[in-house]
Amino acid sequence: MLESLLVPTAIVALAEIGDKTQLLALILAARFRKPWPIIAGIIAATLANHAAAGAVGAWVSSFFTESVLHWILAASFTATALWTLVPDKMDDDETSNARRFGPFLTTLIAFFLAEIGDKTQVATVMLAAQYPHLIMVILGTTLGMLIANVPVVLAGNFAAEKLPLALIRRLAAAAFFVLAVVAVYSAMKTSGWIG
């Protein structure tokens with residue numbers, strides 16, 4: 001059960017560094033200068049988004065045999081590893097109407113929308129399909145988002161400028177590749193190809 005919490009936490013924390021939503025956190029922190037409503041918005045948006053993604057992952061996993069699911073996970077983790085290597089850019093229009101709603105509601109809406117189709121949401125789907133404890137996966141991916149974003153909100157530009165983003169992207173990609181290799185091994189084992 002602890003693995004269902006810790007692996008998603010580590011994977012998402014690494015994958016989130018330099019991600020579009022981390023850049024969004026930086027913009028919101030600079031714009032509003034009210035960290036606690038922003039952090040509360042991040043928590044609410046991430047829990048809602050990742051709960052939906054986790055439910056999809058758990059539901060989809062019920063349609064496949066264990067070996068087929070492992071092959072799908074291996075391909076998905078490999079694709080996400082490659083995607084992680086590509087730096088994200090922040091679109092200006094995602095925060096254009098921010099002042100009108102205030103820091104909490106702006107963060108809630110912006111983070112929820114920015115996470116749709118994002119690599120951390122895709123990772124949540126895959127991790128929920130892989131691990132049996134859905135609630136722990138959702139809590140882990142949310143905790144990973146907070147580990148990556150709360151320091152940015154609290155420290156503002158300083159944290160984002162001082163982190164070696166290219167190295168962190170490579171580490172996150174390596175973590176996804178390791179998960180892909182584990183999934184291939186599990187697929188080969190459940191298929192009877194290895195003992």
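The crossing of α1 and α6 is right-handed; a crossing counts as right-handed if the near helix is turned clockwise from the far one by less than a right angle, and as left-handed if anticlockwise. Helix α1 spans residues 2–16, and its axis lies 10 Å from that of α6 at an angle of about 160°. That makes α1 roughly antiparallel to α6. Angles over 145 degrees count as roughly antiparallel, under 35 as roughly parallel, 65 to 115 as roughly perpendicular, and the rest as oblique. Axes are lines fitted to C-alpha atoms, for helices over the stretch in contact, with angles from 0 to 180 degrees between N-to-C directions.

The model is predicted: local features need pLDDT of at least 70, side-chain atom pairs count only at pLDDT 80 or more, and totals for chains, interfaces and linings use all residues. Residues are numbered from 1 along each chain as its sequence is written, and side-chain values use heavy atoms, with hydrogens and water left out.

The secondary structure comprises nine helices and zero strands. Helices (H or I, at least four residues) and strands (E, at least two) are DSSP runs, numbered from the N terminus. The pattern along the sequence is α-α-α-α-α-α-α-α-α. The chain has 195 residues, of which 47% are buried. Buried means under 20% relative accessible area, exposed over 50%, and partly exposed in between (1.4 Å probe, protein chains only).

Two packed helices are described by the angle between their axes and the distance between the axes. With α7 (residues 134–155), α6 packs at about 155°, and the axes are 10 Å apart. Helices α6 and α7 are therefore roughly antiparallel. Their crossing is right-handed. Helix α3 (residues 35–61) also meets α6 (residues 119–130): the axes come within 7 Å and cross at roughly 40°. The α3 and α6 pair is therefore oblique. This crossing, too, is right-handed.

Thr-80 sits in helix α4 (residues 66–84). Thr-80 is buried, at a relative accessible area of 2%. Arg-170 belongs to helix α9 (residues 165–190). Arg-170 is exposed, with 52% relative accessibility. The C-alpha atoms of Arg-170 and Ala-81 are separated by 8.6 Å, and the two residues are 89 apart along the chain.

Backbone geometry at Arg-33 was also examined. Most residues other than glycine have a negative phi. Arg-33 is not a glycine, yet has a positive phi of about 55°. Arg-33 occupies the loop between α2 (20–32) and α3. Arg-33 counts as exposed, at 67% relative accessibility.

A nonpolar patch lies on the surface. The patch consists of Phe-101, Phe-104, Leu-105, Ile-109, Phe-112, Leu-113 and Ile-116, which together have about 600 Å² of accessible area. Patches are made of residues with over 30% relative accessible area and no salt bridge; nonpolar side chains (Val, Leu, Ile, Met, Phe, Trp, Tyr) are joined within 5 Å and like charges within 9 Å. A salt bridge is a side-chain nitrogen of Lys or Arg within 4 Å of a carboxyl oxygen of Asp or Glu. Accessible areas come from the Shrake-Rupley method with a 1.4 Å probe, and for residues only the protein chains shown count as cover. One of the patch residues, Phe-112, is placed in helix α5 (residues 98–115). Phe-112 is partly exposed, with a relative accessible area of 31%.
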